[in-house]
Amino acid sequence: MDGSNLKLQHGRATRAIHAGYEPADADGAISPPVHFSSSFSFASAADARDAFTGDRPAHIYTRISNPTLDLLERRMASLEDAEAALAFASGMGAITSTLWSLVQPGDEIVTDLTLYGSTFAFLHHGLARFGVTISPTDLSVQKGLDVIAARRPRLVYFESPANPNMRLVDITAVSAAAREAGALSVVDSTYATPCLTRPITLGADVVLHSATKYLCGHGDALGGIAAGRRELIDTIRMTGLKDMTGAAMAPFNAMMILRGLKTLDLRMERHSANAEIVARWLSHHPVVAAVAFPGLGDFPQRALAERQMDRPGGMIAFELTGGLDAGSALMDRLMLIRRAVSLGDTDSLIQHPASMTHSTYTPEERARFGIGEGLIRLSVGLEDPADIIADLEQAMPAI
Ligand code: 4LM
């Protein structure tokens, strides 16, 4: 039973548990075997040659492929409704391997305004040094679509929801504009996961994930995923991954992420329900100046959230009336919620993007790209929501 068979018949929760694996292929083992092997042997010199020319599909070396990574890739392809997927050592491994494979000097990438800090740094301080033009554009408005049409870039790159301020991008509209302009559309869907949004079915060419976050779900393994058409994924595997970054996922991490995926649907339901309760509480608190959460009635892109996301997800961005000082004081007083970067874990995590994940931007860049200096980011975990609220309550500055 492979991912494509399962896709036609089963729901996403079922596919997250079964796609790509049959116990009969491994002596009946319900949990798939893990192939801790860096290299693979050949029956003959001719077999080895045919594996290298591609005439005979075979595993050669784990930087290119491995049966355990193969299973994770088939499962993720099924969950994303994509032809193929590819695993990497980290989310940044997925992003850098993909972009190194798809652009060359002289090309232009149109990006949305808000991106994860290291993605921003890779584009502006990395690729830009090699002759790639990076053009930040507000892709949440019609004018952004006009820029794509006018500039006809090689690639359009965005996140939805965006880290850290929860901006949404209309994946259907932007992917269509990119296709019309002859550009590839690449969307980082780390915040949404395939349980909330399926960018490939909305027209995107490549969907990327930091699998470190919700896909793993327990904060104990790094990983990255790219999914899309087989021809694109093959190119990323054989150029960006194999020869440029070498950012291959370890088989042990693939096992951890396969285990995490089994409860992804369940966890996303609870993350979303908890975050909705916490966001509502924050939005009624007198010292909270603003809350960005797609599940709130006053979320500025509420209609798009309802169209594009099955649930609101577990991420909240908020600002206190006392700005950064009040936010820092709140963070210092928390006792249950952890002061830490990363997101999508069982444990609630809080951080200050301007001084932490998005300190790769200058203050001027943060102002230009919508990352408030006083913005606090909360990744709502799977604890009892009453306990998360009680911790925030005892830590809130006095009115
Ligand atoms: C963080 N984020 O925000 P690896 N894409 C998105 C991300 O949020 C991240 C990556 C890619 C955080 C990490 C410290 C939207 C990471 C990069 O960390 O390389 O797996 O993913 O707190």
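Here is a chat about a predicted model, covering its domains, its sheet, a helix pair and one proline.

Colleague: Hi! How is the protein chain divided into domains?

Modeller: Hi! This is a predicted model, and its chain is divided into domain 1, residues 3-261, and domain 2, residues 265-398.

Colleague: How many residues of each domain are in contact?

Modeller: On the domain 1 side there are 42 residues, in contact with 39 residues of domain 2. The C-alpha centres of the two domains lie 27 Å apart.

Colleague: Let's move to the sheet. What is the order of its strands?

Modeller: The order is S1-S7-S6-S5-S4-S2-S3. It is an open sheet of seven strands, and the pairing is mixed.

Colleague: Which are the edge strands?

Modeller: Those are S1 (84-88) and S3 (133-136), and each of them pairs on one side only.

Colleague: And how much are neighbouring strands turned against each other?

Modeller: On average by 20°, with direction ignored.

Colleague: Back to S1. Do S1 and S7 run parallel or antiparallel?

Modeller: Antiparallel: S1 is joined to S7 (residues 224-228) by five bridges. If you want a spot to look at, find alanine 87, which stands opposite isoleucine 225 in S7.

Colleague: Nice. Which strands does helix H10 lie across?

Modeller: Helix H10, residues 230-245, lies across S1, S5 (184-188), S6 (206-210) and S7. Its direction is at about 25° to S1.

Colleague: What about H6, which strands is that one touching?

Modeller: H6 (residues 117-126) packs on the sheet and touches S2 (108-111), S3 and S4 (155-159). The direction of H6 makes about 135° with that of S3.

Colleague: Changing topic: how do helix H4 and helix H11 cross?

Modeller: The axes of H4 (residues 67-79) and H11 (residues 251-261) come within 9 Å and cross at roughly 35°. That crossing is left-handed.

Colleague: Which residues make the contact?

Modeller: From H4 they include Leu69, Leu72, Arg75 and Met76, and from H11 they include Pro251, Met255 and Leu258. The residues of this contact divide into 11 nonpolar, one polar and one charged.

Colleague: One last thing. Where is proline 363?

Modeller: Proline 363 is in helix H15, which covers residues 363-368.

Colleague: Why is proline 363 called partly exposed?

Modeller: Because its relative accessible area is 48%, and partly exposed lies between under 20% for buried and over 50% for exposed.

Colleague: And how far is proline 363 from leucine 336?

Modeller: Their C-alpha atoms are separated by 30 Å, and the two residues are 27 residues apart along the chain.

Definitions and conventions
Residues numbered from 1 in each chain as written. Predicted model: local features only at pLDDT ≥ 70, side-chain atom pairs only at ≥ 80, totals over all residues. Heavy atoms only, no water. Axes fitted to C-alpha atoms, helices over the stretch in contact; angles between N-to-C directions. Helix = DSSP H or I, 4+ residues; strand = E, 2+ residues; numbered from the N terminus. Left-handed = near helix turned anticlockwise from the far one by under 90°. Contact = heavy atoms within 4.5 Å. Nonpolar A, V, L, I, M, F, W, Y, C, P; charged D, E, K, R; others polar. Buried < 20%, exposed > 50% of the residue type's maximum accessible area, 1.4 Å probe, protein only. Pairing = 2+ DSSP bridges. Domains from an automatic or database assignment.
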